[in-house]
Amino acid sequence: MERLQKVIANSGYTSRRKAEELISKGLVKVNGEIIYELGIKVSPNDMIEIDGYILKNENKVYYLLNKPRGIITSTSDDKGRKTVVDLINTNVRIYPVGRLDYDTTGALLLTNDGELANLIMHPKSQIDKVYVAKIKGLIGKNQILKLQNGVLVDGIKTNKAKARILNYDKKSDTSIVELTIHEGRNHQVKKMFNAIGYDVLKLKRERIAFLDVKNMKSGDYRLLNPKEVKKLYNETKNKTC
Ligand code: URA
């Protein structure tokens, strides 16, 4: 038995906070009865209905996508643009774990498992998000140190990070830098480089935890196997407990 708001959040329908709001507004029914109380516990056999939508007790699925450039990381788009969810052939209601910008490529997880999604996104879980950025200008060791120690992004210092120079190209005046972070603030990588005076020309997320997209073509995706899912849970839980 689990709390109603947790079951709703874990289904991926919405966040726990929003689920609580829906319950308080009288929009959630359990076995046909409107529930206003936040603490009630439900079992997998209970039928949960949210504003007319019946929450299905679906099996959890986990996809790793090599996101192409020019696709939005969302479940739908009011301008009718293609989303990352449209790239995956499934009838299950999945959603992206975190966000990659329209022009960012690389590793993106999509799932209907809200619990794992939240754990991965939480900085406390210390899940590696490894980015490779092509930046304008030749970066120096001092700037790399600044990235490692944290820089101000929207007035808040970023956590410690790993950063290393992979390559320079004096001719085009560009550098390639690998940056590993555990946070997932909006446009964080681009803003971190901006904070030390560089513009990001290209950005790819190479890896999330142990999951990389090295052997996947742009737009390719695959299901995670149960061992990988267990390993992901273990990586998050070791840090948060
Ligand atoms: N940081 C960014 O700036 N953009 C992304 O897409 C991901 C991380």
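Reply: Domain bounds here come from an automatic or database domain assignment, and keep in mind that this is a predicted model. On that basis the protein chain falls into domain 1 (2–54), domain 2 (62–123 + 213–240) and domain 3 (129–208).

Me: How much area do domain 2 and domain 3 bury between them?

Reply: The size of an interface is often given as the accessible area lost when the parts come together. The C-alpha centres of domain 2 and domain 3 lie 22 Å apart, and 17 residues of domain 2 are in contact with 15 residues of domain 3. Carbon and sulfur atoms account for 44% of the buried area, and the total is about 1,200 Å².

Me: Which element gives the most residues to the side of domain 2 that touches domain 3?

Reply: That side of domain 2 divides into nine nonpolar, four polar and four charged residues. Strand S9 (105–111) and helix H3 (114–121) each supply at least two residues to it. With five residues, the one that gives the most is S9.

Me: Lys 190 forms a salt bridge with which residue?

Reply: Side chains of opposite charge can pair when their charged atoms come close. Here the closest N and O atoms are 2.8 Å apart, and the partner of Lys 190 is Asp 103.

Me: How many residues apart in sequence are the parts that this pair ties together?

Reply: Lys 190 sits in helix H5 (residues 188–195), while Asp 103 is in the loop between strand S8 (95–96) and S9. The pair therefore ties together parts whose separation in sequence is 87 residues.

Me: Which residue has a polar side-chain atom 2.8 Å from an oxygen atom of the ligand?

Reply: The residues around the ligand include Leu 100, Thr 104, Tyr 131, His 187 and Lys 190. His 187 uses a backbone N or O atom, 3.2 Å from a ligand oxygen, and Lys 190 has a polar backbone atom 3.0 Å from a ligand oxygen. The residue with a polar side-chain atom at 2.8 Å is Thr 104.

Key. Residues are numbered from 1 along each chain as its sequence is written. This is a predicted model: local features need pLDDT of at least 70, side-chain atom pairs count only at pLDDT 80 or more; totals for chains, interfaces and linings use all residues. Side-chain values use heavy atoms; hydrogens and water are left out. Contact means heavy atoms within 4.5 Å. Buried area is the accessible area (1.4 Å probe) that two parts lose on being put together, summed over both. Helices (H or I, at least four residues) and strands (E, at least two) are DSSP runs, numbered from the N terminus. Ala, Val, Leu, Ile, Met, Phe, Trp, Tyr, Cys and Pro count as nonpolar, Asp, Glu, Lys and Arg as charged, and the others, Gly among them, as polar. A residue is near a molecule or strand if one of its heavy atoms lies within 4 Å of it. A polar contact is a pair of N or O atoms within 3.5 Å; within protein, one must be able to donate a hydrogen and the other to accept it, and residues adjacent in sequence count only if both atoms are side-chain atoms. A salt bridge is a side-chain nitrogen of Lys or Arg within 4 Å of a carboxyl oxygen of Asp or Glu.
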